Amino acid sequence: MIDLFTLNFILGHINYWLFIVLMMTGLYIVISKGNLVKKIVGLNIFQSSVFMFYISMGKVSGGTAPIFPLDMKIDSTTTYSNPLPHVLILTAIVVGISTTSLALALTVRIREAYGTIEEDDLVSIELELSTEELSAEHALTNGRKA
Amino acid sequence: MRHHLILRVITKLLVGAMMLFAFYVQFHGDYSPGGGFQAGVIMAVAFIIYGIVFDLDHVQRVLPPWIAHKMLAIGVLLYSGTGIVSFFQGLNFLDYTAFSPHHPVHGQHYGIFAVELGVGITVTGVMVSIYYAFAGRTSEIRDEDW
Amino acid sequence: MSLEAPHNLAFSLSDHLPILQVLIPFIAAPLAVVIGNRIIAWWLAFISSVISLLIATTLLGKVIDGSVISYQIGGWAPPLGIEYRVDSLSALILFLVTLVSTIILPYAYKSINFEIPKEQHTLFYAAYLLCLTGLLGVAVTGDAFNVFVFLEISSLSTYVLIAQGSYRDKRALTAAFDYLIMGTIGATFFVIGIGFLYMATGTLNMVDMSNLIKGQESLSTVRSGFVFIVIGIGLKLAIFPLHFWLPRAYTYAPSAITAFLAATATKVAVYMLLRFMFTIFHPNFLSKISIFEYIILPLAIMAMFSASVIAVFQSDFKKLLAYSSIAQIGYILLGIGLMSETSLTAAVIHIFNHGITKAVLFMGIGAYVLQGRGSFLSDLEGIGKVMPWTSAAIVVGFLSLIGVPGTVGFISKWFLVKSALEIGWWPVAIAIVLTSLLAVIYCWRVIETIYFKPLLSKKLTAETPISMLLPIWVGALACIYFGLNTEAIMTTSQMAAKSLYAGSFGSL
């Protein structure tokens, strides 16, 4: 167990540490911030951490860029990094962009409908709306009983 | 940005070069790093910077929003159409051999070319549409009040 | 595809069925945008949905005997290439999704006309088709990362569709935003999980992954991958403590979309859970880490009780049904958690049953809303007298929800109770019966309001238009038909449960 906390362990897994730090930063922002735009920024950081995770995963130590030379004379001793995670994460980045733009579009619409993008204000406006609905319903039911 | 003379002149010079570079990245994508995603974004940036420096109206005269919307759909159709071509050769979906049954390597080449073209058109359409959607909203704050 | 090797030749269209299943709605969506006419867009959606249903039925017929259909995209053989793989479980899910979509689209035409401005219709149907594509894709693919891509296609279009409810109630916007945040976190967790599994195995093909994971179950990489995947899917699935996005999203979305999502989206998420837990991770691994006793079962029972109790106190009919959905997801999880072949069969049947039942109920409430009534119970008093047909269909839906013999809901609950008694866990059986009683209470509250309260004279309404009534009744009759003629669904579910229990993808 002592071995777990040596310098080698910490530096050898540096990409995972950074991944965890980024991920938790993003998640914390999403949870703690009330401003919807800040939430989107947090979500982006959170997603970026996964991109970093995948990209660092594809690295083979001593490996070079996985592009064959044009003359196709491939040296069998050359190590190449794994290109597949990069391709995968390209897809995930596109998904991330779509999510961000959709979230921003929703924020614009929320701003137009509510006049605010602060979560606390939104919650109180919605609370008011549902109280109105409930009291209207109560008035209706009580009015009939009377 | 009517009073930024330098920006206006430089933009006019650059937009053409950017579009040219987008085409280079698009059509050279199967030999060197690049492809539909990058080319589409570069192409869209040419339109967007024109829209930012001059005016939304100006850029929409060049590329009306409805064309941007159709582009986004046509690219996807081009992509799936490429896949369907293989059906007629008795091959599986997206099997590029269908484009040149006697020389499969060329088939790969043509296939990826068509698919990347579809991706490029869609990405251009999407990026420009997103820009139009956000920029086209009437702002509640006037420029002078910033 | 190696250049010399003979190609995987497919000469008839029937060999392409797995890809056509996804491709047809996928092509219809951009076509609708290019044509840009809202009526043509609806026809495109409807026709592609009918064709998808035909394809799904054919696929179901092909795999009902336990065989597996494998399709290689681009002719690249798995595990290198992307494989589409259909077994009895995925065929059943495909059938459910396409059936519900085909029933709901005729209903949606009028309902959407009423709820969304006309200039949005083309894009609305395009988004609907993309959502359908994504849901079908998740069920048909045999590649772990492909699942993520399709999941995001369906999720992103779902957020858009839910936000369309904002023309009626602006709270749809915040509901969609909440769902977006939760859904994206879930999907990202899911990708992290897949990343861990890829690190451990170096493959993305599900069958290959499952073979390679065997023997390295004790690796912490594999274990953390498992945790990330289960939590990620759990957010999508609205497992009990992760369900907060669901009631609001279902309440404020357009009625047709609520019906579609309630019937399909969570069911596809259950499919993902089953696929990942049983096919990729072997059942032995699951019982070794005792996820069933300590996590799935308690959460399932908590969901059944708490959501049912909350549903009893709701005054909004839509919200009541949304909470009942969470409780029903609890039943499905209970079936998974009891971990026997019978209980898995029950879970799979319940996926199908609950899909159809909830589609009928949400379509019914949509019809009430359309006729100028709100969805609050006080608005619905005495409505059974002016809208007898719609109300009767809702009663059929309720009977099925409670699990009265003769409806689909009965079979799955019967199997659940049976499987609980088989392993001697009678408290679980009692819990099932008790929550069914809670369901009786909240259903009775609605039925009492609809039938036994005096009609509000100031809001006179007529019966639902026939084009909407017909889909509702097709759904209601399906509830009864599949309840009486249990053969088809039972055989498929048993086949699916057997292969899941063996921890394989289709083959036994």
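Visitor: Hey, is the crossing of H4(B) and H5(B) left-handed or right-handed?
Guide: Left-handed, going by this model, which is a predicted one.

Visitor: And which residues make up those two helices?
Guide: In chain B, helix H4 covers residues 65–85 and helix H5 covers residues 104–135.

Visitor: What angle do they pack at, and how far apart are their axes?
Guide: The angle is about 155°, and the axes of H4(B) and H5(B) are 7 Å apart. An angle over 145 degrees counts as roughly antiparallel, so that's how H4(B) and H5(B) run relative to each other.

Visitor: What classes of residue are in the contact of H4(B) with H5(B)?
Guide: You get 16 nonpolar and nine polar residues there, with no charged ones.

Visitor: OK, switching to chain A. How is it divided into domains?
Guide: Domain 1 takes in 1–60 + 80–115, and domain 2 is 118–146. The centres of these two domains of chain A, taken over C-alpha atoms, are 39 Å from each other.

Visitor: Last stop, chain C. Where's Val230(C)?
Guide: Val230(C) sits in helix H8 of chain C, which spans residues 220–237.

Visitor: Is Val230(C) buried or exposed, and why?
Guide: Buried, because Val230(C) has 21 C-beta neighbours inside 10 Å, and the cut-off for buried is 20 or more.

Visitor: How far is Val230(C) from Thr264(C)?
Guide: Their C-alpha atoms are separated by 19 Å, with the two residues 34 apart along the chain.

Notes:
Residues are numbered from 1 along each chain as its sequence is written. Chains are lettered from A and ligands numbered from 1 in the order in which they are written. This is a predicted model: local features need pLDDT of at least 70, side-chain atom pairs count only at pLDDT 80 or more; totals for chains, interfaces and linings use all residues. Helices (H or I, at least four residues) and strands (E, at least two) are DSSP runs, numbered from the N terminus. A residue is buried if 20 or more other C-beta atoms lie within 10 Å of its own, exposed if 12 or fewer, and partly exposed in between; C-beta atoms are placed from the backbone. Axes are lines fitted to C-alpha atoms, for helices over the stretch in contact, and angles run from 0 to 180 degrees between N-to-C directions. Angles under 35 degrees count as roughly parallel, over 145 as roughly antiparallel, 65 to 115 as roughly perpendicular and the rest as oblique. A crossing is left-handed if the near helix is turned anticlockwise from the far one by less than a right angle, and right-handed if clockwise. Ala, Val, Leu, Ile, Met, Phe, Trp, Tyr, Cys and Pro count as nonpolar, Asp, Glu, Lys and Arg as charged, and the others, Gly among them, as polar. Domain bounds come from an automatic or database domain assignment.
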